[in-house]
Amino acid sequence: MKPITSFIVAIVFALAIAMNVSAQAAESIWLTINTSAYKTGETVAVTLNATSATPIQGFTFQIRYDPDCLKPINAVSPVPGMNGLPLPQLSGQVDGSYASTTPQTVNGILAEIRFVTLGGCQTNLTLESAALAIRNAEGFAAPLAGMTIDNRNIPLNIDKEVGVSQSTQSISGSILPLDPPPPTGIKFPGWIIGLLVILLVGAITFGALRLFRRRTAKTEKVSASLQTPTLQVKHGPQAGKSFALNKLPCLIGRDPLSDICINDPHVNGQHAKIFNTTTGYYLMDLGGETFINGQAVRKSSAALKPGDVVRLGKSALFVFGT
């Protein structure tokens, strides 16, 4: 009887381990695609899937892509009540966010993200990060704990032969535009760059003396023209509020002692700082995810102009104004 008893105990122990592993994978998210072979000009539709025993009120995802091979078009979510939240995009990374006013049960497709192929290449789509969102006891959005990301990478083989353009309407739902940012620069021939350098040096030499004489007057003029700046919160815990930056420098973060407190789990305790000089206003990143008009500011400072969109973390959005 002892061998039989030991065998039964071993089976029960193995089932307990399997059930535990299954429980850990109950909240998961992954990428799938129907085919990995495409021609130039065709539409790539990659599917973001999820399963969750807990009803959710939103989700986010970041997918890295090669901008020389692919151009993002949009994303569409078939989950009832999910609405897309447009965010500033970065070249080479799709940043998507959806939210719902009521909890939704998900067990299948969260969204379909669409790209257009640009030319012959071999590349990958990589799910950098993803989260299912719930509303916590304080009423704020929070990531669902215990979620796993199973399939992160989708390999693609794109032929340089031009294919037939396809319809982008494969599933219905809330459409989220994912237009990439415009090119940051224009390429010029070397001789044009050399000529511009010569003209620039000449202009600097000619105007240096006049600039030196007018510097004091210009500084006074700039200082007089600076008005009290404001931050208008467009998305996040303080959405709809406007903060006058009467005290500079101004610390922004999740810490209650910050000048502007943003109770968001993706915002650091001291996330960013706004300060001014005689030449204008600047935003300094203090170690979090900080963006101005979709461009990352990493542990450095960048100038702020009226109308600039500032994003802290994944979804806290501000508009700077004077």
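This is a predicted model: local features need pLDDT of at least 70, side-chain atom pairs count only at pLDDT 80 or more; totals for chains, interfaces and linings use all residues.
Residues are numbered from 1 along each chain as its sequence is written, and side-chain values use heavy atoms, with hydrogens and water left out.

**Overall picture**

- The protein chain has 2 helices and 24 strands; these are DSSP runs numbered from the N terminus, with helices being H or I of at least four residues and strands being E of at least two.
- Of the 322 residues in the protein chain, 35% are buried (buried is under 20% relative accessible area, exposed is over 50%, partly exposed is in between, with a 1.4 Å probe and protein chains only).
- Take the contacts (heavy atoms within 4.5 Å) with a separation of 6 or more: residues 24 or more positions apart account for 66% of them.
- The accessible surface of the protein chain is about 18,200 Å², and 60% of that belongs to carbon and sulfur atoms; areas come from the Shrake-Rupley method with a 1.4 Å probe, and for residues only the protein chains shown count as cover.

- E27 sits in the loop between α1 (2–24) and β1 (28–33).
- E27 is buried but has no salt bridge, and R152, the nearest side chain of opposite charge, is 15 Å away (Lys and Arg count as positive, Asp and Glu as negative, and His and the chain ends are not counted).
- What E27 does have is a 2.5 Å polar contact between its side chain and that of S52; the term covers a pair of N or O atoms within 3.5 Å where, within protein, one must be able to donate a hydrogen and the other to accept it, and residues adjacent in sequence count only if both atoms are side-chain atoms.
- Not counting residues up to four places away in sequence, E27 touches a set of residues including T51, S52, L144 and T148.
- L144 is in the loop between β10 (141–143) and β11 (148–149), and counts as buried because its relative accessible area is 12%.
- Leaving aside neighbours within four places in sequence, L144 is in contact with E27, S52, T54, L132 and I134.

**Cysteines**

- Searching the whole structure turns up 1 disulfide (cysteine sulfur atoms within 2.5 Å), and it joins C69 to C121 with S to S at 2.2 Å.
- That pair links distant parts of the chain, 52 residues apart: C69 is in the loop between β4 (56–64) and β5 (70–77), and C121 is in strand β9 (residues 121–135).
- C69 and C121 are both buried.
- Elsewhere, C250 is buried at 3% relative accessibility, whereas C261 is partly exposed at 25%.

**Salt bridges**

- The count is 6 salt bridges, each a side-chain nitrogen of Lys or Arg within 4 Å of a carboxyl oxygen of Asp or Glu.
- One of them pairs K39 with E161, with the closest N and O atoms 3.6 Å apart. K39 is in strand β2 (residues 37–40) and E161 in strand β12 (residues 153–162), so this bridge ties together parts 122 residues apart in sequence.
- R64 and E128 form another, at 2.5 Å from N to O, linking strand β4 to strand β9 across 64 residues.
- E112 and R114 also meet in a salt bridge, at 3.1 Å; E112 is buried at 9% relative accessibility, and R114 is buried at 1%.
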